[in-house]
Amino acid sequence: MYRFAIAWFSTALVPSALLAADPVKAAPDFTREIQPILVEHCYACHGPDAKARKAGLRLDTKEGLAAAAPPGQPKEAELLARIMSTEEGEVMPPKKFGKPLKPDQIAKLKLWVEGGAAWSEHWAFVAPKKAPVPSGVNPIDHFIRERLKKVGLTANPEAPKTAWLRRATFDLTGLPPTPKEIDAFLADTSPKAYETAVDRLLASPRYGEHMARFWLDSARYGDTHGLHLDNYREMWLYRDWVIRAFNENKRYDRFLVEQLAGDLIPNATIDQKVATGFLRCNITTSEGGVIEEECYVRNVVDVTDTYGSVVLGLTIGCARCHDHKYDPLSQKDYYSLFAYFNSIDGSALDGNAARHAPVIPVPTAEQTQRLDELRARLATVNARIADAIAKSDYQDTATGKAAASPTRRDIVWVDDAIPTGAVETPEAGFNRKWVFAAKSEHEPAAGDRSLKLEAKGLMQVVATDAKPGLRVGEGDTLFAHVWIDPKNPPKEIMIQWHTNNWLHRVYWGENRIDWGKDRSTERRPRGQLPESGKWIKLEIPVAQVGITPGAIINGIAFTQFDGTAYWDKAGITTAAPQGDRRFDTLAEWAAASGADTAVPKAIRDLLNVDTAKRTDTQKNQLRDYFVEYGYSKTRDLFEPLHKERAELTGTIAKLDGEIPTSYVFKERAAPRPAFILKRGEYDQRGEPVQRATPKALASLQSAIPKDRLEMANWIVGPKHPLAARVAVNRFWQQVFGTGLVKTADDFGTQGEVPSHAELLDWLAVDFRDGGWDVKKLMKSFVLSATYRQSAKATPEKLAMDPQNRLLARGPRFRLDAEMVRDQALATGGLLVETFGGPSVKPPQPAGLWEAVGYTSSNTARFAPDKGDKVHRRSLYTFWKRTSPPPQMTALDAPSREACTVRRERTNTPLQALLLMNETQFVEASRAAAERALAEGGDDPIGLLFKITACRPASAEELAILKKTHDTFLAAFQKEPARAAKLIAIGETKPTPKLDTAKLAAMTLVANTIFNLDEVLTK
């Protein structure tokens, strides 16, 4: 018998009534009833964490527990003696622990020991098995109703057909059914009517969009980096991959494997690599002063913890700093898993870049074909150039060393006039004639006058074909001076430069001018408008606008959106020689080009090699370069070829820039070593560790997985107890509101035990052995009698089961944020169902981004999209992680800064204010009102209710709504200006022919219906 270090207490101290055997009561189940007590009250001092363990006693193992509680021997059980002691120094748990046992818990422990103290592994670490189900009985309904019988409850009757269809349509597509779909379903009286409806919903592209939303929460998907500047990241292709995977019904095991290790699959496709974006969704930064090693550790920790929550359903992050106190996960286990994810081939610092390597371009078929054609043409031009060089008979050699490095200086190009040789291009519309203001009107920055540009909307002045242009060298800086009128400042100013194209732009202020790809060299943001009322010098490194050394700038444009500004003294700071760069001899050219940064560095290096020491190869390189670029006699031959090459190169670069990219995981050539980090600190390395899975699950593998791919395949292997359970539990949670395991991210000993353990295991095994078929699983849920029940709750059922865990009634809970917004847009006929693509920005209150943004961030200022973009599904809303969409967060959507597998549901006044006042909800209300007035005939309010609540209104409901409408109408007829203001809200405009007061009144009726509890819940 196990002995504590302190004396054994006589059983005489223990109340005999508690020790008396109760032959009537069955022994409590260890996993469901006993282990949770031990976890909560004992494991902190007598659990897996060796460093925290007291008295050498373990109650988390079979052997340790048997020593303290010998089976069937309550008088010999020191565990019972301690928990029933009345002595302050001996009672367990100690009073200072603050978690005393309740009498019923003590009674359970006593009864368990008396009944044989049966022990078992924690349920989640034991492979699931199918319990038998009677033939012809739905397994879901069988297990649910067997449990209801035990507690004396009966299932509700079936819900009305319309109620079920609305519920199922939301659960499978995230949207309400249309009136046509309702009518068709009601008209279908065949035995397969329900199944036919479900098959239609599963085949809808809306299905994948809805299912993806839950996964993106767990993947912590966002459109920005998430820290400091919180800049844009190009990640939406991963989101679209998730949508397609659900729509295509990709096997769930492959769905997991490709996200964990798609890059390691032999001959991996682009899609399989894009899938690994799951491992790259973590928040990142390049904040000044950060330590790369610290960021690297934080990034890998995030991935490891997310993997633990999403795939294993375990709180493995608790073992980052020490052994897990409740689950059999050591700190070494944690860092052995960490080792699978720590070898990404890229910097931990994101560089504040939209495309932070490793990334992969994902062209469309059309883009691929076009690029192939352009590259073939470029190869032909290069071959013609090489042939012309080879045929040249020039034989001179360079002599002497290059001239001294020229001084970097300002070359003023625009001052008192357009550039030399340039032509204006005024046109009807926004291209204006250059107008120069004399000193008497406005003091210039230099010279005698300055360019004045007054704009209403988008206007600009353009000069092209300047001869000579500006020759660009390495490290050059472009500049211009601007004076902003403080009384009439522009909303945005922009400068554009032309080389082979107009793809070199910078702007200040609001992002109103939609030319080129934003946040790229085609349209580079430079912060807020310059200070008004004084001349400000604007300086722009050529690299920031994509102009390369050797290029010739031959055009410039000053562009504004609204306001008045004066422009002056523009040019380039350079050391590159300007003007006509042609020579008769190589020696002459060499003397002028050794320090010319417009000449490639490799050629300049050769020019600085002593002539006598140059090899024949070096001499030929210099001769060929001179013939192509510097020789006056070959000028006419090469100029058209260079022009053609430049145009092709520019077109290819532009097309390359238009090809979207996606973050991926790419493994380093050699794995990065991993170490146990003491207390989880990045700079406190301890024992080195190798890649390995947790020891508690070691028996499930024949060999330790050597890489992420083997580890991913192990996860979905036939012996693994967690992956299938975790998956079906999450899908169940989506449909029924709460998982069979309520703690969806914690299947460990501190998590909640399954409400229906046999059902969970049956579903897990069937899901795994049936091909990991998600659509089949979802279909089984929504066709079950359990799901088809009425959601009405009796007082008895509310008292016995307030959270509906036993499912004696159908699921009923509030719609998620996206569903609430999408329902409003769909009901109003505004929802735009374009698939995929870059995220969009619906309107939101001003200043939210500015409140958390840095001026140098490319997401510092919010500019809403225009047109039908703003009415796309909420899934596609741009997600700035330091300031998520307010419509979503007010309705409990997560920030996506960390993995979330279970959203909270709250009920706050802010939510009601949002639904009654937010721009798009008001706009959707007006659109629904227009629809009702156009299609509703003599009963527009009845139609409005039907299309929103998906059922006809009762006479009482209809009377209340009509009375409400009449009150609103009378008010708006007295104040038509208020009515006009109300119906003007939103991106779309009201139908002109409709009476303003009537439309406004019906808009408020629609908004009232949108806010009904019945409409906001399923």
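The questions and answers below walk through the fold of this predicted model.

Residues are numbered from 1 along each chain as its sequence is written, and side-chain values use heavy atoms, with hydrogens and water left out. The model is predicted: local features need pLDDT of at least 70, side-chain atom pairs count only at pLDDT 80 or more, and totals for chains, interfaces and linings use all residues.

User: How many helices and strands does the protein chain have?
Analyst: Helices (H or I, at least four residues) and strands (E, at least two) are DSSP runs, numbered from the N terminus. The C-alpha trace spans about 115 × 85 × 55 Å along its principal axes. The secondary structure comes to 37 helices and 17 strands.

User: What percentage of the residues in the protein chain are buried?
Analyst: Buried means under 20% relative accessible area, exposed over 50%, and partly exposed in between (1.4 Å probe, protein chains only). The protein chain has 1018 residues. The buried part is 54%.

User: Which residues are in contact with Tyr307, leaving aside its neighbours within four places in sequence?
Analyst: Contact means heavy atoms within 4.5 Å. Tyr307 is one of the residues with the most contacts inside the largest core. Leaving aside neighbours within four places in sequence, its partners are Leu260, Leu312, Ile316, Leu337, Phe341, Met711, Trp714 and Ile715.

User: How many residues of helix α33 are buried?
Analyst: Helix α33 covers residues 940–949. Among its buried residues are Leu943 and Leu944. Just after α33, Cys950 takes a positive phi of about 65 degrees. The helix is mostly covered, and its buried count is 9 of 10.

User: Why is strand β9 largely enclosed by the rest of the structure?
Analyst: Strand β9 covers residues 492–498. Glu492, Met494, Gln496 and His498 point one way, while Ile493, Ile495 and Trp497 point the other way. In a regular strand the side chains alternate between the two faces of the sheet. Strand β9 is largely enclosed because its buried residues number 7 of 7.

User: How many bridges join β9 to strand β14?
Analyst: Two strands pair if DSSP finds at least two bridges between them. Strands β9 and β14 (residues 555–574) run antiparallel. Glu492 stands opposite Phe561 in β14. The number of bridges is 7.

User: Which residue of β10 is the bridge partner of Glu492?
Analyst: Strand β10 covers residues 504–509 and pairs with β9 in the antiparallel sense over 6 bridges. The two strands form a hairpin with 5 residues between them. Met494 has Tyr507 as its bridge partner in β10. For Glu492, the partner is Gly509.

User: How are α34 and α35 placed to each other, roughly parallel or roughly perpendicular?
Analyst: Axes are lines fitted to C-alpha atoms, for helices over the stretch in contact, and angles run from 0 to 180 degrees between N-to-C directions. Helix α34 (residues 955–974) and helix α35 (residues 976–983) pack at about 110 degrees, with their axes 5 Å apart. Angles under 35 degrees count as roughly parallel, over 145 as roughly antiparallel, 65 to 115 as roughly perpendicular and the rest as oblique. The two helices are therefore roughly perpendicular.

User: Which peptide bond is cis, with omega near -5 degrees?
Analyst: Its proline, Pro93, is found in the loop between α5 (78–83) and α6 (103–114). The cis bond runs from Met92 to Pro93.

User: Is Leu807 buried or exposed?
Analyst: Leu807 is found in the loop between α27 (795–800) and α28 (817–827). Its phi is near 60 degrees, a positive value in a residue other than glycine. With a relative accessible area of 3%, Leu807 is buried.

Terms used:
A nonpolar core is a set of buried Ala, Val, Leu, Ile, Met, Phe, Trp, Tyr and Cys residues joined through side-chain atoms within 4.5 Å.
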